[in-house]
Amino acid sequence: LPEYAFIGRSNVGKSSLINMLTGRKNLAKTSAKPGKTQLINHFLINKNWHLVDLPGYGYAKVSKSAKKVFQKFITNYFEERKQLVCAFVLIDSRHKPQPIDMEFMQWLGEHAIPFCMIFTKADKLKPKELEKNILNYQEEMLQVWEQMPHFFVTSSTAKTGSDDILEFIENLNNEVTE
Ligand code: GDP
């Protein structure tokens with residue numbers, strides 16, 4: 001089945017977004033590697049695609065060696081996954097472009113991994129501020145890419161933005177299964 005990965009800095013709002021996308025009800029954990037702490041969770045959605053919940057990167061509080069372990073998990077995932085259709089990189093709407101996010105997206109680009117951006121916690125900003133922050137990102141992105149990647153704006157608190165993402169995924173699913 002096609003897979004869609006969700007990733008971002010810790011605390012970016014990934015769990016909340018995943019709960020919103022899945023509505024929790026149709027959520028089914030599918031990967032089972034008993035005995036190990038699950039760093040990567042798979043959820044079967046609508047019986048036709050997998051949502052892959054990747055560990056957050058950029059923990060401020062963990063040691064360098066722990067960071068390496070997380071990085072390894074993430075890079076292994078991306079290097080091995082044949083089913084991956086698109087990665088969603090979550091970005092906290094409130095912040096200026098963060099080097100760690102820029103580096104990560106550059107890495108995805110270098111590995112020819114398709115990705116979109118999701119600006120989270122949009123409810124925390126006034127529309128003007130939100131627009132400005134997205135434009136800031138766009139400016140940074142255009143120094144590396146020819147165009148701004150496809151992006152979404154979400155708020156798990158206000159429950160907005162999930163329909164667009166789900167529709168985008170269903171459209172891609174139809175393309176890959178045709
Ligand atoms: P994760 O660490 O990336 O999985 O982030 P969580 O989903 O656990 O969210 C981190 C914190 O941000 C929690 O305190 C959430 O309540 C808060 N949060 C997440 N999404 C939103 C949002 O859309 N709006 C607001 N205002 N807060 C959010």
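Both K121 and D92 are buried, a term that stands for under 20% relative accessible area, with a 1.4 Å probe and protein chains only as cover. Salt bridges that share partners join D92, R94 and K121 into one network. This is a predicted model, in which local features need pLDDT of at least 70, side-chain atom pairs count only at pLDDT 80 or more, and totals for chains, interfaces and linings use all residues. Residues are numbered from 1 along each chain as its sequence is written, and side-chain values use heavy atoms, with hydrogens and water left out.

**Salt bridges**

The structure holds four salt bridges, each a side-chain nitrogen of Lys or Arg within 4 Å of a carboxyl oxygen of Asp or Glu. Among them are these:

| Pair | Closest N and O atoms |
|---|---|
| R81 and E3 | 2.7 Å |
| D53 and K14 | 2.4 Å |

D53 sits in strand β3 (residues 49-53) and K14 in helix α1 (residues 14-22), so to speak of distant parts of the chain, 39 residues apart. Here strands are DSSP runs of E, at least two residues, and helices are runs of H or I, at least four, numbered from the N terminus. D53 is buried at 12%, and K14 is buried at 13%.

**Around the ligand**

K14 also has a backbone N or O atom 2.8 Å from an oxygen atom of the ligand, a polar contact, meaning a pair of N or O atoms within 3.5 Å. The side chain of S15 brings an N or O atom to 2.5 Å from a ligand oxygen.

Methods
Polar contact = N/O pair within 3.5 Å; in protein donor to acceptor, adjacent residues only side chain to side chain. Buried < 20%, exposed > 50% of the residue type's maximum accessible area, 1.4 Å probe, protein only.
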